[in-house]
Structures are given as C-alpha cells and as structure tokens.
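Please look over the notes below alongside the structure.

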Amino acid sequence: MNVLVINCGSSSLKYQLINSDSEAVLAKGLCERIGLDGRLVYQKIGMDKEITESAMPTHKEAIQMVLDALVNPKSGAIESLSEIDAVGHRVVHGAEKFAASFVLTEEVLAQVEECNDLAPLHNPANLIGIRACQELMPNVPMVGVFDTAFHQTMPRKAYLYGLPYEYYEKYQVRRYGFHGTSHSFVSKRCAEFLNMDLNNSKIIVAHLGNGASISAVLNGSCVDTSMGLTPLEGLVMGTRSGDIDPAIMEYIAKKENLDIEGIMNVLNKKSGVEGISGVSSDFRDLEAAYNEGNERAKDACEVFAYRVAKYIGAYAAAMNGVDAIAFTAGIGENTSFIRSMILAYLGYLGIAVDEEANQVRGEERVISTQDSGVKVCVIPTNEELAICRETVALVK
Ligand code: ADP
C-alpha cells in the first residue's frame, strides 16, 4: 500500500509518500508560503530535490502541485494517483475526544472542528488540508493521527491543573500533551531496541526539538508529559519559555505595556534559549557560541539541560523508577554535548555515560555504559512512518 502522509500548517505543508509494505519513503517534500508566492520542494528518493516557485493561493493548489509532482512522467514516484491508497493526516489537537487515530468521516471531522478553540493556530489548518485532499482524492480513505492521542492515558492527577474545577468542566482546561505520535513511536522502538518487555517497562522519552517535550511511559502507556493545554508548557524550548511563574505575565505586561497577545507573543516567539542567549534558537549556533565563550549562550544551554534533568527526576518519581531514557528529535538525536550536560545530573539514578558512544548523531545507539543503572539511548523519531502505520492499521 502507498500512503501519503500530510502535515499541514497554516502556510506550509510537509508530505511524504511511503510504501507501507517496505516502509520505504518514495518521495517527500514541502510546500511553503501558501497564500503568498508559493514554493514547492519535491524529491523522489534517490534523485535531486526539485524546487518550483509557483503561486498557491490556497492549500488546494498546494496539494494539487504535490499530486502533479508525484505523477510527473520524469521524476514522479508513481504513475497514477490510483497508486495512492490512503492519506494519513497529522492533527494537532484531539482534546478528550480522540485517544486513538480515526478514519476521517464527516462525523469525526465535526468533532475535530470542535477542538479548534484549543489549538486555533493548528487545527483549522489541519482541517483545511484534509478538506483539500478530500476534494482532490474523493475516493481515497483519510485517517487523522492526533498529537494528543497517546497522552490520553494520563491519570487525572497528572492532567488536572490546580485551577477552579469548573474551567475543566466548562472549557476543557487540562493537560493534554503534544508530540504524542513521536513519544509513542520512540517508546515502543526503545523497548524493542533494548530488548525490553514494553508491557513491563518504565521509559522516559525526551523529544528535544525546536518544540521540546518529555514523557513518562509506564508499561507502554503515557502517565505524564510536560506540555499542557498548549505546547507552551514544560521544557525551555527554541523560542518558547516553558514553565514560568504565571505572575510574571502581569508583571511584564505592566512594565512593557503589553496586552495579553503581546505577552503570549513574547512567551511563544521571543523566549526559550533564543530569548536567554540573544544568539539563536538553533543549537548548532548555540554550541558554536558556547565554544567561543559566549556567556549567555552558556546560560541558555545550561538552563535548557537543567530543566530536562529536573523533569527526568520528576518522571522517575512518577513511575517509581526508570529503566530507560530515550533521546529523540533534532537536539536529542544530534547534540551530544547537551545530552552529556543533562546526563551529568543523573548519576544518582546510577546512570553512567559512554562518552564515545554519545558522540553519535541521528542513529540508534545505546549511549550508557554496560553497567549503567538505567539504559540511555538515542532513538531517531519518525512521525511520518508512525502516521503511515496508524493509517494502514485503520484502512486495511
Ligand atoms: P522541530 O521539528 O520542532 O522544528 P527539530 O526536531 O527539527 O525541531 O529540531 C530542531 C533543533 O535540532 C534545532 O535546535 C537544531 O539546532 C537541532 N539540530 C538539528 N540537526 C542538528 C545537528 N546536525 N547538529 C546539532 N543540532 C541539530
């Protein structure tokens, strides 16, 4: 079966065409600047990237261009659109309605729409992508895979906030967590890779990318995660603050004369390691600046690593122990000095790092020593493959 995986944002769209039998990627790319001038990046695997600048007023034109590229006689990955058997869509917020992936029927789509308020930047864009695909491929089954679904197993004590209970009842204010597809994929793969029984395991997954979150996975089910009602809570991220004292918002609003939108903009876009360092949100730049002796870049790296280490401690407590820690996503997979900084706090768990193995980038590897009390590994995430697998499971 060939599955087209679509991850649709408000002005961009990432896609991969995957053969689910071999799990090989046949083609991949992205559309950027949808609604503006428009740019399609397309790559048939094994061939060079092609870039086409062309107006894409809406997501429908963008997806049409992707489909045209996929069947292009010269560089297409398939001969005809009938070779696309299903489409898997990433959907950011499924609230409490979706604890698993679903075939996108009209009824399901109406429920997805009801979650729009909780993710106003993401869900409407996801829905536009789904609608555009339905129009262009009316007979192809579509599946929604939710970022929040994996975290729906959290117990009430982990997802209720210390707020008036009526906000939960009236407005669904609670912890949902995000990156669920990645936490699910990586925790399963970690158990497999380490030859552990997933059903009898305590795994902490640190998904450290531009957006970063961490989860506690007990016997294969999520019991806690660091992101909350929105992806702003938890770890210090590229440009997001993560946890702060909520009273800072009022204090800064008065000092800087900002309204709530202004404050949210600061917390989402001007904070995190970029805000601390004044250098960059990208850890490649931060590492270079750190090595040149830039004090604020050093602060940013240290604050980032310390926050991750504190969450690992918290989640070891939540599960009354930990068997394995898996690092994933851009920073988790590639930035060995940050992994070292984090793991340096965890000697009390019996963790010993194999510094040579820890030099690995983007490759599955155990980075703890043979006698380490907790196994630590790098597991590259693959959200597209996870979406492909979920899609196949529902439409086969
Ligand atoms: P997102 O998907 O949330 O945009 P990613 O998982 O792609 O984020 O992670 C982006 C981060 O990963 C950036 O901070 C970047 O510096 C870091 N990163 C990616 N590749 C490398 C690399 N080869 N070496 C060091 N850091 C990297």
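1. The backbone nitrogen of T381 lies 2.9 Å from a polar side-chain atom of T328. A polar contact here is a pair of N or O atoms within 3.5 Å; within protein, one must be able to donate a hydrogen and the other to accept it, and residues adjacent in sequence count only if both atoms are side-chain atoms. T328 itself belongs to strand 12, residues 324–328. Helices (H or I, at least four residues) and strands (E, at least two) are DSSP runs, numbered from the N terminus.

2. This is a predicted model, in which local features need pLDDT of at least 70 and side-chain atom pairs count only at pLDDT 80 or more, while totals for chains, interfaces and linings use all residues. Residues are numbered from 1 along each chain as its sequence is written, and side-chain values use heavy atoms, with hydrogens and water left out.

3. T328 is buried, at a relative accessible area of 0%. Buried means under 20% relative accessible area, exposed over 50%, and partly exposed in between (1.4 Å probe, protein chains only).

4. G129, in helix 3 (residues 123–136), is likewise buried, with a relative accessible area of 0%. Its C-alpha atom is 9.2 Å from that of S10, although 119 residues separate G129 and S10 along the chain.

5. An N or O atom in the side chain of D282 is 2.4 Å from one, a backbone N or O atom of N210 is 3.0 Å from one, and a polar backbone atom of G211 is 3.3 Å from one.

6. The second largest pocket is lined by 16 residues, with Y161, L232, E233, P246 and M249 nearest its centre. Its lining comprises 10 nonpolar, four polar and two charged residues. On a 1 Å grid over the protein atoms alone, a pocket is an open set of points where a 1.4 Å probe fits, with protein on both sides within 12 Å along at least five of seven lines; lining residues have an atom within 4 Å of a point.

Technical notes
Ala, Val, Leu, Ile, Met, Phe, Trp, Tyr, Cys and Pro count as nonpolar, Asp, Glu, Lys and Arg as charged, and the others, Gly among them, as polar.
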